[in-house]
Amino acid sequence: MSSVTLEHVHKRFGTAKGVEDVHIHIESGEFFTFLGPSGCGKTTTLRMIAGFYYPSAGQIRFGNQEVTSVPPHKRNTGMVFQNYALFPHMTVFENIAFGLQVRSVSKAETKERVERMMKLVRLEGYGDRRIDQLSGGQQQRVALARALVIEPQILLLDEPLSNLDAKLREETRFEIKRLQLELGITTIYVTHDQAEAMSMSDRIMVMQSGEVQQIGTPHEIYHRPVNRFVASFIGETNLWDATVVGIEGDEVQVRISSGQVLRGHKQNASPQAKLAAGEKVTLSIRPESVQESPAAEGVNTVTGSVVLAEFTGACVNYVTQVGDEQLRSMSINLGRQVKQRGDTIGLHIPKESIYFAG
Ligand SMILES: Nc1ncnc2c1ncn2[C@@H]1O[C@H](COP(=O)(O)OP(=O)(O)OP(=O)(O)O)[C@@H](O)[C@H]1O
Ligand SMILES: [Mg+2]
């Protein structure tokens, strides 16, 4: 297995920006995810690692070996493409065997390795089927087997679950993670689905418009987003404008639009947040941390009028008007009576769950 390093990598397409200054070190055996909205540069970055694009500037290394302009078939990476790119007129066996034939592996060894792969992805007995006779999920597993059969040092997966239904997506997510742990293979995964990224990855790189926004563990990215974009892209959050009114030791006091003062912890701040009296800050408050409070008063308890009440069975979600802002909250259903639109509600925002996003 191998580590992957991108050193100040840029890619331009004519005058159009593809990606700009990607600088990452992915550890050997790590499950690393590129996450971001459509067009942010995920596929472009992955293709440079596979060798299908060469960077306009910067360097790529696998371990200590520089591979920046080495062609794809000499890189020992296995790739599952965004649209699978299987050969529709060929059988499952022929598709999986393709990479071995290109590498002139003997017939006997090819047969042995392809069969081992079909077993691994649970497609035993499907060798003679044509690709167009398979379901989407089966095709996805053929693509995975085709990438793995060459025993790549690095596995590159570009939105491999995008064509699957919800149930199959979950199963295959588990399958990919199982294979990755079993083989200990360095895996780079591309998705625009934050839940997928959070549940599978050791670390995530969040991208926007060709630029890296943040690199961190799922926990860091969720709880310590470096800016508004990351905070809102990773799960739901309330972003409130506030003004710092005072700092006492570890405690930061901020005034929100209703005029009320909330208290937070100084260490819950992104590097961009200016925590000094009079400064404007953005608060990020996750809906699941806001809880209905039977008492309408107390530290960090706000009151407002319910704008939207949603009962999903397991959860009760509210949108509440608090001053000029709306507060989304999400609580486990504890059997309390659900408030209705127009009702007054008290909500508690714990000190430790206020994050100063900048
Ligand atoms: N071959 C190309 N020629 C010109 N521009 C390109 C080319 N490939 C990608 N781009 C541009 O580079 C940017 C990044 O594209 P990329 O395919 O990497 O996005 P992505 O994050 O994978 O998006 P998606 O989630 O839609 O797959 C886009 O603006 C895209 O239009
Ligand atoms: Mg893409």
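Gln82 has 38% relative accessibility, so Gln82 counts as partly exposed (buried is under 20% relative accessible area, exposed over 50%, partly exposed in between; 1.4 Å probe, protein chains only). This is a predicted model: local features need pLDDT of at least 70, side-chain atom pairs pLDDT 80 or more, while totals for chains, interfaces and linings use all residues. Residues are numbered from 1 along each chain, chains are lettered from A and ligands numbered from 1 as written, and side-chain values use heavy atoms, without hydrogens and water.

Q: Which atoms coordinate the magnesium ion (ligand 2)?
A: Donors are N, O and S atoms within 2.8 Å of the metal (3.2 Å for Na, K and Ca); water is not among the atoms, so sites may look incomplete. At 2.0 to 2.5 Å, the magnesium ion has Thr43 (OG1) and Gln82 (OE1).

Q: How many residues apart in sequence are the parts tied together by Thr43 and Gln82?
A: Thr43 lies in helix α1 (residues 42-50); helices are DSSP runs of H or I, at least four residues, and strands of E, at least two, numbered from the N terminus. Gln82 sits in the loop between β6 and α2, so the pair ties together parts separated in sequence by 39 residues.

Q: Is Tyr222 buried or exposed?
A: Tyr222 is found in helix α7 (residues 218-223). Its relative accessible area is 17%, so Tyr222 is buried.

Q: Which residues is Tyr222 in contact with, leaving aside neighbours within four places in sequence?
A: Contact means heavy atoms within 4.5 Å. With those neighbours left aside, the contacts of Tyr222 are Met198, Ile234, Arg286 and Glu288.
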